[in-house]
Amino acid sequence: MRTYSHLWSTTKRSAMAFVIGVSISDRWANFTWVTGESMYPTFTAANSFWGGDFVLAEKRCLEQCKFSHGDVILFKCPSNHKEMLVKRLIGLPGEKIQLPGSLNPTKIPEGHCWVEGDNSTRSWDSRAFGPIPLGLVQGRVTHIIWPPSRIGRLERKMHEGRISPD
Amino acid sequence: MARILAAVWPIVKGCITGGVFGITIADWSASYVTLHGASMHPTFDPQQAERALVDKRCLHRYHFSRGDVVVFRSPRDHRELVVKRLIALPGDWIQIPEKQEIQQIPQGRCWVEGDNAATSFDSRSYGPVPMGLLRGRVTHIIWPPHRIGRVDRKMPEGRIVPL
């Protein structure tokens with residue numbers, strides 16, 4: 001009888017811990033593997049032994065929708081809802097962006113943003129699929145957790161001269 | 001003091017447990033929305049603020065069918081949730097009434113329209129919506145009491161072009 005009650009309380013505790021964990025990962029922060037070369041040199045581990053960087057993404061910024069230029073964001077791919085992408089946020093709604101190939105700046109529509117990889121030669125981003133709706137954004141990458149040599153905060157970095165002043 | 005704490009503790013524990021389980025259920029399986037506007041008339045009555053039950057389990061595997069009433073984040077304003085009917089899924093060919101043309105829905109996108117075409121602001125103005133914006137499927141009306149009932153899957157005729 002005593003083992004039974006002991007077992008029950010353990011079950012109860014682990015169920016509670018699991019539910020709290022799920023809620024935290026849904027609402028505040030979660031961990032993701034980042035693979036691929038599109039964000040080199042921000043994430044460098046793609047070709048190393050580990051095969052990717054392990055990062056912390058916070059989600060609280062979603063509720064207040066506080067995004068700034070230069071943030072590294074996590075979002076659902078606009079052409080495949082099962083895939084998540086990590087890119088740098090370049091332009092916010094209403095801004096005009098200068099594309100390397102064209103003379104006229106492109107205006108970003110209301111509720112959309114412009115994302116690009118740091119490694120522009122190897123990145124599939126807004127230059128291919130256009131501005132993405134802000135509703136697809138799933139979080140902001142704040143820290144690198146693995147590999148150990150690169151643990152630390154991720155800096156907000158802005159490419160100069162991409163946003164054209166009105 | 002210790003006695004008061006001992007008396008209150010089970011209540012506090014119960015509230016916390018309830019809250020945490022409530023949040024998890026709202027995030028993972030079901031929640032509700034309040035409906036405003038006339039774009040979905042006659043499925044929803046614009047005269048009263050109706051509440052509807054949203055099923056979120058379909059999100060895990062993206063089990064959506066043509067004719068479902070879906071909730072999604074507006075592509076124009078990410079703070080706003082919009083309720084419309086899902087007309088076409090990726091790869092379908094759709095007939096657009098105003099333009100007299102046939103368009104294919106790109107991969108990972110879907111076509112949504114309101115039941116009340118005259119007052120609805122939908123895919124006819126902003127184009128196909130990424131599936132990643134979907135937030136659930138409306139299954140039942142739960143408020144007011146005399147309107148309680150299932151929301152049916154309904155498909156307008158002749159919109160999808162068979163190829």
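This is a predicted model: local features need pLDDT of at least 70, side-chain atom pairs count only at pLDDT 80 or more; totals for chains, interfaces and linings use all residues.
**Salt bridges, interface and local geometry**

Q: How many salt bridges over all chains?
A: The count comes to 18 salt bridges over all chains, where a salt bridge is a side-chain nitrogen of Lys or Arg within 4 Å of a carboxyl oxygen of Asp or Glu. Residues are numbered from 1 along each chain as its sequence is written, and chains are lettered from A and ligands numbered from 1 in the order in which they are written.

Q: OK, what does A:D71 form a salt bridge with?
A: The partner of A:D71 is A:R156, with 2.8 Å between the closest N and O atoms. The pair links distant parts of the chain, 85 residues apart: A:D71 sits in the loop between helix 2 (60-64) and strand 3 (72-77) of chain A, and A:R156 in the loop between strand 10 (152-153) and strand 11 (163-164) of chain A. Helices (H or I, at least four residues) and strands (E, at least two) are DSSP runs, numbered from the N terminus.

Q: Is A:D71 buried or exposed?
A: A:D71 counts as buried, at 4% relative accessibility; the term buried means under 20% relative accessible area, exposed means over 50%, and partly exposed is in between, with a 1.4 Å probe and protein chains only.

Q: Which residues are linked with A:D71 in a network of salt bridges?
A: The network of salt bridges links A:D71 with A:E58, A:R60, A:R140 and A:R156.

Q: And what about A:R88, what does that one pair with?
A: A:R88 forms a salt bridge with A:D118, and the closest N and O atoms are 2.8 Å apart. A:R88 lies in strand 4 (residues 80-91) of chain A and A:D118 in the loop between strand 7 and helix 3 (126-129) of chain A, so the pair ties together parts that are 30 residues apart in sequence. Both A:R88 and A:D118 are buried.

Q: Now the interface: how many residues does the contact take from chain A and chain B?
A: It takes 21 residues from chain A and 23 from chain B, with contact meaning heavy atoms within 4.5 Å. The two chains bury about 1900 Å² between them, 63% of it on carbon and sulfur atoms; buried area here is the accessible area (1.4 Å probe) that two parts lose on being put together, summed over both.

Q: Which side chains meet there in a salt bridge?
A: The count between chain B and chain A is one salt bridge, and the side chains of A:R27 and B:D27 meet in a salt bridge at 2.8 Å, N to O. On the chain B side that touches chain A, the largest share, eight residues, comes from helix 1 (residues 2-28) of chain B.

Q: What is A:G111 in contact with?
A: Leaving aside neighbours within four places in sequence, A:G111 is in contact with A:P93, A:I132, A:P133 and A:L134, and also with B:P75, B:R76 and B:D77. A:G111 is placed in the loop between strand 6 (106-107) and strand 7 (112-116) of chain A, and its relative accessible area of 5% makes it buried.

Q: What is the phi of B:Y62?
A: B:Y62 has a positive phi of about 55° although it is not a glycine, and with a relative accessible area of 13% B:Y62 is buried.

Notes. Side-chain values use heavy atoms; hydrogens and water are left out.
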